Amino acid sequence: MTADLHDPATFRTALRAWLAKNDLTPPDDHSLAGHMRQFARVMRALYDAGWGRYGWPEHAGGLGGPNMLRAIVGEEIVGRRLAEPGPYSMIEVLAPTMIDYATAELAAEMLPKMLSGEEQWCQGFSEPGSGSDLASLTTRAVRQEGADRYIINGQKVWTSFAQFSHRCILLTRTSDADTPNHQAITAFFVDLDTPGITIRPLHTMHGVDEFCEVYFDNVAVDASRMLGAPGDGWQLAMDLLPYERSTCFWQRIAYLYSRFDALIGEVAGQGESIDTDMGETFLALHTLRCRSRATQHRLADGQKLGPDTSIDKVLLAGAEQRLYDTARDLLPGGTIELDGNDWRTEYLYSRAATIYGGTAEVQRNIIARRLLELGKE
Ligand SMILES: Cc1cc2nc3c(=O)[nH]c(=O)nc-3n(C[C@H](O)[C@H](O)[C@H](O)COP(=O)(O)OP(=O)(O)OC[C@H]3O[C@@H](n4cnc5c(N)ncnc54)[C@H](O)[C@@H]3O)c2cc1C
């Protein structure tokens, strides 16, 4: 049974049959807290039925099989709008790299908590002065004399879902000023209920306050929570960001297609004048999906994801903004920014697509320098 389910086509058919029998329809609660509760409910049901464990390594509590299986679960769940794409994406952004860098015991203890919806995790990379220039981060972790632990002080910002999270993958600086930035960064897996941590949600223009400021005041973290060795933090970030720029979008693409279908429903009958806009939007979505599919296959073939995922990120941001620009242009009234409905929220959030996971400008620099070898910007 399990071996059959490692075949993606068989897996998808069986998952669809299960979804047809198990009603996971979200309640009529559009608050962020409501979305997070629904996300946890869906993850619990998927985990208990086994679906949420496929595509994850057995040594960390998964049921094995190719990464494609977990992508299929995301596509089927988020494409049906049973869970929102934002919280769902955090699994793919954080878990693969956490498994690679944590001790085997820590990964085996923690991954099931995330996959079962018992816990949400967050990503503590960006700081007020360090976004694109991540290597300049200043949150410090100092080893405590005579104790096997570190004391952390500093501030993170734009930490998505921190107010709902139990753990954080945190980048800190552990070396003195003479050490080159890229060798001075160390990552920790931090419990967010540790004394000294303060989490403050930030207000957003689209009204969904998903990200936070996170303050660390003399926060004691056991050395066993270090991810990798001292100085491995930069490499951890370089390994994690490609997931954040590519495979985590597979389920989001399914969601964008569902919104494209909804838009067709709302603007149908407007005549030939909409054909060009809708055609270009479809082309952008389709190009993105083709690229993303190829990336999923490269990962399944055992290749390491790297700077080439900046192409996926540029295509995602372009397609997402194209879709919502088209909605703004075609929906009656022409005031999407002011209307009080889902299109407004999504239109405003789509502006962030050229920022999160690395800005559009920085992705183009990476493509120019590292893929096309065009020299420094
Ligand atoms: C919705 C959302 C969710 C996020 N979630 C998280 C999260 O969970 N965890 C986390 O750690 N961070 C998160 N971030 C932060 C995100 O990673 C940063 O916003 C991003 O890396 C950009 O950094 P910055 O905001 O400091 O902008 P800056 O780096 O200050 O950039 C400002 C402008 O300068 C441009 N620029 C900077 N450097 C260059 C360059 N070398 N060449 C050309 N142009 C350049 C940028 O493109 C941008 O237009 C999130 C952001 C958003 C919008």
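Which residue in strand 4 is the bridge partner of tryptophan 121? The partner is arginine 167. This is a predicted model.

**Strands 1 and 4**

- Strand 1 covers residues 121-124, and strand 4 covers residues 167-173.
- The two strands pair in the parallel sense, over four bridges.
- One of the pairings joins tryptophan 121 to arginine 167 of strand 4.
- Side chains in strand 1 point two ways: Trp121 and Gln123 go one way, and Cys122 and Gly124 go the other.

**Strands 2 and 3**

- Strand 2 (residues 140-143) runs antiparallel to strand 3 (residues 149-160), and four bridges pair them.
- Arginine 140 has asparagine 153 in strand 3 as its bridge partner.
- The two strands form a hairpin with five residues between them.
- Glycine 146 in this hairpin takes a positive phi near 75°.

**Helix 8 against helix 9**

- Helix 8 spans residues 250-267 and helix 9 spans residues 275-300.
- Their axes come within 10 Å and cross at roughly 165°.
- Angles over 145 degrees count as roughly antiparallel, so helix 8 is roughly antiparallel to helix 9.
- The crossing is left-handed.
- By class, this contact has 12 nonpolar, four polar and two charged residues.
- Helix 8 contributes Trp250, Ile253, Leu256, Tyr257, Phe260, Leu263, Ile264 and Val267.
- Helix 9 meets them with residues including Met278, Phe282, Leu285, Leu288 and Arg289.

**Serine 292, in helix 9**

- Serine 292 lies in helix 9 and is among the residues that meet helix 8.
- Serine 292 counts as buried because its relative accessibility is 3%, and the cut-off for buried is under 20%.
- Leaving out residues up to four places away in sequence, serine 292 touches Ser246, Trp250, Ile253 and Asp312.

**Helix 4 against helix 8**

- Helix 4 (residues 67-79) also packs on helix 8, at an angle of about 30°.
- The axes of helix 4 and helix 8 are 8 Å apart.
- Angles under 35 degrees count as roughly parallel, so helix 4 is roughly parallel to helix 8.
- The crossing of helix 4 and helix 8 is right-handed.
- This contact has five nonpolar, four polar and one charged residues.
- From helix 4 come Ala71, Gly74, Glu75, Val78 and Gly79.
- From helix 8 come Trp250, Gln251, Ala254, Tyr255 and Ser258.
- Trp250 of helix 8 meets helix 4, and Trp250 also meets helix 9.

- Threonine 326 lies in helix 10, which covers residues 309-330.
- Threonine 326 is buried because its relative accessible area is 0%.
- Threonine 326 touches Leu263, Asp277, Met278 and Thr281, not counting residues up to four places away in sequence.
- Among those residues, Leu263 belongs to helix 8, while Met278 and Thr281 belong to helix 9.
- Helix 11 (residues 342-350) has Trp343, Glu346, Tyr347, Leu348, Tyr349 and Ser350 as its buried residues.
- Helix 8 and helix 10 are among the elements that cover these buried residues.

**Arginine 12, in helix 2**

- Arginine 12 sits in helix 2, residues 8-21.
- Why does arginine 12 count as buried? Its relative accessibility is 19%, and buried means under 20%.
- Arginine 12 touches Ile72, Glu75 and Glu76, not counting residues up to four places away in sequence.
- Arginine 12 and aspartate 100 are 88 residues apart along the chain, and their C-alpha atoms are separated by 27 Å.

- Most residues other than glycine have a negative phi.
- Arginine 81 has a positive phi of about 60°.
- Arginine 81 is found in the loop between helix 4 and helix 5.
- With a relative accessible area of 25%, arginine 81 is partly exposed.
- Phenylalanine 161 has a positive phi near 60°.
- Phenylalanine 161 is placed in the loop between strand 3 and strand 4.
- Is phenylalanine 161 buried or exposed? Phenylalanine 161 is buried, at 2% relative accessible area.

Key. Residues numbered from 1 in each chain as written. Predicted model: local features only at pLDDT ≥ 70, side-chain atom pairs only at ≥ 80, totals over all residues. Heavy atoms only, no water. Buried < 20%, exposed > 50% of the residue type's maximum accessible area, 1.4 Å probe, protein only. Contact = heavy atoms within 4.5 Å. Pairing = 2+ DSSP bridges. Axes fitted to C-alpha atoms, helices over the stretch in contact; angles between N-to-C directions. Parallel < 35°, antiparallel > 145°, perpendicular 65-115°, else oblique. Left-handed = near helix turned anticlockwise from the far one by under 90°. Nonpolar A, V, L, I, M, F, W, Y, C, P; charged D, E, K, R; others polar.
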